[in-house]
Amino acid sequence: MADPSETAAADPAEESAHALRASLSVMDREELVELGVQLLQTYVVEGLGPVGRGGELPAPNSARAVDSVGEETFAGLLRRLKAERRGDPILEKFIVNGEHIQVRTPMGNVDVTEYRRPTAPAPAPVGGGAPRQSVPTPSDSIYNRSLYPQADRGAAQERSRGASEPQPAAAPSRAAPAAPRPAAPPSEPARPGPGPASPAPQKDAKDEPAQDKRFRLIELD
Amino acid sequence: MEFTRNQESLALSRFREVGGFRGDRLTDVALRGMHGTGCRVDETVLERCDLAEADLSGAGVTAATFVSTNLRAVRLGGARASRVEVYYCELNEADLSGIAARRLRVHGSQAMNVKLDGARLTVARFEETALIRASFRAATLVHVSFSDTRMGGAPLDRATFEGARLVDCSFRGANLRGAVFRGAMIVGCDFDDALLEGADFRGAMPVGTTLPPGTDLSPPPPPSMAGEF
């Protein structure tokens, strides 16, 4: 036979009941009565759930909704009132977005509660590990192929070999830029063919540093 | 009745006549230091009023709303409150010892050094309210939550819950640095993500509550007379 004390120790419910008994036994009779009243009134008569679920909205017609002071958040209160009194001109001025509340004023929307920016950076999109189109690499830029003689050489070799071979053999140089294409703006990859000699990109490259500096300053402002 | 700026004397006349405020609305009324022990404040809205240092001990407050009102060092000891909402008020140094409050919401207020010793709070919510060094000694808190969406958790550092009975309370994410829970009964409370550096849980009895591993729950040393003064 198992020892009852061991069983009590093993059962978490029994253990917590034991701890509760120990903490309640030190209380005065009056204190116990007061606590009992508070607990029964709150959880039995009014039927509230645990405080963690206090922010949940009760059904608009339920008895709880009439008397929910202290139970719901400020935003929850506004949401409930807005749901109950649709078209109320004053309530219409409140914009409730989650726990963030704004008020419409003639000067624009004014924050009542401070908006909290998400602290963690936005998650990278699927396949975000691939370099951006604007960063030229041999794998993703067809315009800068001349900058990467190895890649060109390889392509030339493949092209010389490729007359007899099936088409997919020459694909690696083209298949690579195809992957990031959906993420890039449509205007960039739309230019067909290898056009590294076209003057426009070179001119852009010359002007870029000055423009970059200027825009950086504007962004800083 | 409605009272606005410069109608303090009218408001006080009404207060004396009715024994409090009933169904009234007071806006921009200065009643600093008024004496209203045992008065009744029912279904009344006080907006941008000054009730600093007012003595409302033993008052009965029902369905009242305080908005942007100065309640600094107000005395509400032994008061009974039900369905009271406090928005953007100053409650610093207020004495609410022994208050029995049910359905209380305090939002966006300042309540530093507030005294709630021996208070009985049931279904209360403190939102965006600074409760630094607040005292809840021997208080009974049932279904009370402390939250602050701006800070991520309620500022409750150096607050005292010594000998308090905390049932179904939420301290989620609260700043409880240096808070004192000595000898407190803690039942079904939520301390998730709370900052508990230097918090004193000696002699506390947590039941159905998860405290960080290694929390010292050993009984505190007996108080010495020298430590009292």
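This is a predicted model: local features need pLDDT of at least 70, side-chain atom pairs count only at pLDDT 80 or more; totals for chains, interfaces and linings use all residues.
For the complex as a whole, the predictor reports an ipTM of 0.78 together with a pTM of 0.63. Within chain B, the mean pLDDT is 91, and 97% of the residues reach a value of 70 or more.

Chain A contains nine helices and three strands, and its elements, followed from the N terminus, run in the order α-α-α-α-α-α-β-β-β-α-α-α. Of the 221 residues of chain A, 7% count as buried, and among its contacts with a separation of 6 or more, 26% are accounted for by residues 24 or more positions apart. Chain B, by contrast in its make-up, has two helices and 14 strands. Of the 229 residues of chain B, 58% count as buried, while 10% of the contacts between residues at least 6 apart in sequence join residues at least 24 apart.

The strands of chain A form an open sheet of three, in the order E1-E2-E3, with antiparallel pairing. The edges of this sheet are strand E1 (94-97) and strand E3 (108-111) of chain A, each of which pairs on one side only. From one strand to the next, the twist averages 30°. In general, strands of a sheet pair through backbone hydrogen bonds, either parallel or antiparallel. Here, strand E2 (residues 100-105) of chain A is joined to E3(A) by four bridges, the two strands running antiparallel, and E2(A) and E3(A) form a hairpin with two residues between them. One of the paired positions is A:Arg104, whose bridge partner in E3(A) is A:Asn109. Helix H5 (residues 74-84) of chain A lies across E1 and E2 of chain A and runs at about 120° to E1(A).

The contact between the two chains takes 25 residues from chain A and 31 residues from chain B. On the side of chain A that touches chain B, the elements that give two or more residues are helix H2 (12-25) and helix H3 (29-45) of chain A. Sorted by class, this side of chain A has ten nonpolar, nine polar and six charged residues.

In the largest nonpolar core, which has 81 residues, the members that touch the most other members are B:Leu131, B:Leu141 and B:Leu166. At least two residues of this core are supplied by each of several elements of chain B, including helix H1 (8-18), strand E10 (120-127), strand E11 (140-147) and strand E12 (165-167). When neighbours within four places in sequence are left aside, B:Leu141 is in contact with B:Leu121, B:Phe136, B:Ala164, B:Leu166, B:Val167 and B:Cys169. In soluble globular proteins, nonpolar side chains tend to be buried together.

Several loop residues of chain B can also be described individually. B:Gly77 is found in the loop between strand E7 (65-67) and E8 of chain B, and this glycine counts as buried because 21 other C-beta atoms lie within 10 Å, where the cut-off for a buried residue is 20 or more. Although B:Gly77 and B:Ser57 are 20 residues apart along the chain, their C-alpha atoms are separated by 4.8 Å. Not counting residues up to four places away in sequence, B:Gly77 touches B:Ser57, B:Asp95, B:Leu96, B:Ser97 and B:Gly98.

Most residues other than glycine have a negative phi. B:Tyr88, although it is not a glycine, has a positive phi of about 50°, and its place is in the loop between strand E8 (80-87) and strand E9 (100-107) of chain B. B:Glu93, likewise not a glycine, has a positive phi of about 65° and is found in the loop between E8 and E9 of chain B.

How values were computed
Residues are numbered from 1 along each chain as its sequence is written. Chains are lettered from A and ligands numbered from 1 in the order in which they are written. A residue is buried if 20 or more other C-beta atoms lie within 10 Å of its own, exposed if 12 or fewer, and partly exposed in between; C-beta atoms are placed from the backbone. Two residues are in contact if their C-beta atoms, placed from the backbone, lie within 7 Å. Ala, Val, Leu, Ile, Met, Phe, Trp, Tyr, Cys and Pro count as nonpolar, Asp, Glu, Lys and Arg as charged, and the others, Gly among them, as polar. A nonpolar core is a set of buried Ala, Val, Leu, Ile, Met, Phe, Trp, Tyr and Cys residues joined through C-beta atoms within 7 Å. Two strands pair if DSSP finds at least two bridges between them. Axes are lines fitted to C-alpha atoms, for helices over the stretch in contact, and angles run from 0 to 180 degrees between N-to-C directions. pLDDT is the predictor's confidence in each residue, from 0 to 100.
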